[in-house]
Amino acid sequence: MTSANGNASQVTNNGDVRKPFKIFIGYDPREDQAYEVCRHSILKRTSIPVEITPIVQSDLRAKGLYWRSRDQFESTEFSFTRFLTPYLANYDGWAMFVDCDFLYLADIKELTELINDKYAVMCVHHDYSPKEKTKMDGAVQTVYPRKNWSSMVLYNCGHPKNKGLRPEVVNNQTGAFLHRFQWLDDNEIGSVPCVWNFLEGHNKVVENDPKTFPKAIHYTRGGPWFEAWKTCEFADLWLKEMEEYMKKKSNVS
């Protein structure tokens, strides 16, 4: 982690090094297996304490925190609930939101070491225009500016601008306002290397260039947990991780 004056320091929440790094994963009942594998891949590799919480829309509705009607272009149940991350983190310290269709191949500590307190959020600045008309299990594929920027975001939860992401705002603002980070100025959006949100089918590995090897694969078009995507790129890595998770789960039970 880097402070505004450039000095490196360990990631903390409100200055307490004993507090785990908060990670919120978008949850959709149709992708329960994806959520479990994503969570497992993070826990398996982390060298720092983390606290992982699924963002479950039905729970948020029951608590009166989420009430907006489903939009026809929402492909998952966390299309908008993701923006409650600073609120759910009590506007304290840094936290990460990530879609459930990620597979982590590196220690999350490496990602936290990129954090810079001068930014309100940090993410991969993708230039992504998918060619497919549908994704996942037939959901409509939409194209818009800053697409996929919001799929993995490091939030400086205590930043004054992020305190504006109240439930009322998340429930009433447009998709454009939220997914394009329009509550922020451009210079408040820090950049993270694309290997931390490596889009399957879009980003490419350059042979003999370790800087291009994915640290977190994002199966944004659809992953092997969907029948239509069982042979997608990097499917073997996800299936191997799933087998490890299932074996560990059976040993525990």
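In the predicted model, Lys161 and Asp185 form a salt bridge in which the closest N and O atoms are 3.5 Å apart. Lys161 is located in the loop between E8 and helix H5 (167-172), and Asp185 in the loop between H6 and E9, so this pair ties together parts that are 24 residues apart in sequence. Lys161 is partly exposed, at 30% relative accessibility, and Asp185 is partly exposed as well, with a relative accessible area of 44%.

Because Arg146 lies in the loop between strand E7 (139-140) and strand E8 (152-156), and Asp186 in the loop between helix H6 (175-179) and strand E9 (189-191), the pair ties together parts 40 residues apart in sequence. Arg146 is partly exposed at 23%, whereas Asp186 is exposed at 56%. Lys109 and Glu113 also meet through their side chains in a salt bridge, at 2.5 Å from N to O. In total, 13 salt bridges were counted.

Glu74, in the loop between helix H2 (57-62) and helix H3 (85-88), is buried but has no salt bridge. The nearest side chain of opposite charge belongs to Arg70, 4.5 Å away, and the cut-off for a salt bridge is 4 Å. The side chain of Glu74 does reach the backbone nitrogen of Asp71, at 2.6 Å.

The mean pLDDT of the chain is 89, but pLDDT stays under 50 over residues 2-10. Where pLDDT is low, predicted coordinates should not be read in detail.

Key: Residues are numbered from 1 along each chain as its sequence is written. This is a predicted model: local features need pLDDT of at least 70, side-chain atom pairs count only at pLDDT 80 or more; totals for chains, interfaces and linings use all residues. Side-chain values use heavy atoms; hydrogens and water are left out. pLDDT is the predictor's confidence in each residue, from 0 to 100. Contact means heavy atoms within 4.5 Å. Helices (H or I, at least four residues) and strands (E, at least two) are DSSP runs, numbered from the N terminus. Buried means under 20% relative accessible area, exposed over 50%, partly exposed in between (1.4 Å probe, protein chains only). Lys and Arg count as positive and Asp and Glu as negative; His and the chain ends are not counted. A polar contact is a pair of N or O atoms within 3.5 Å; within protein, one must be able to donate a hydrogen and the other to accept it, and residues adjacent in sequence count only if both atoms are side-chain atoms.
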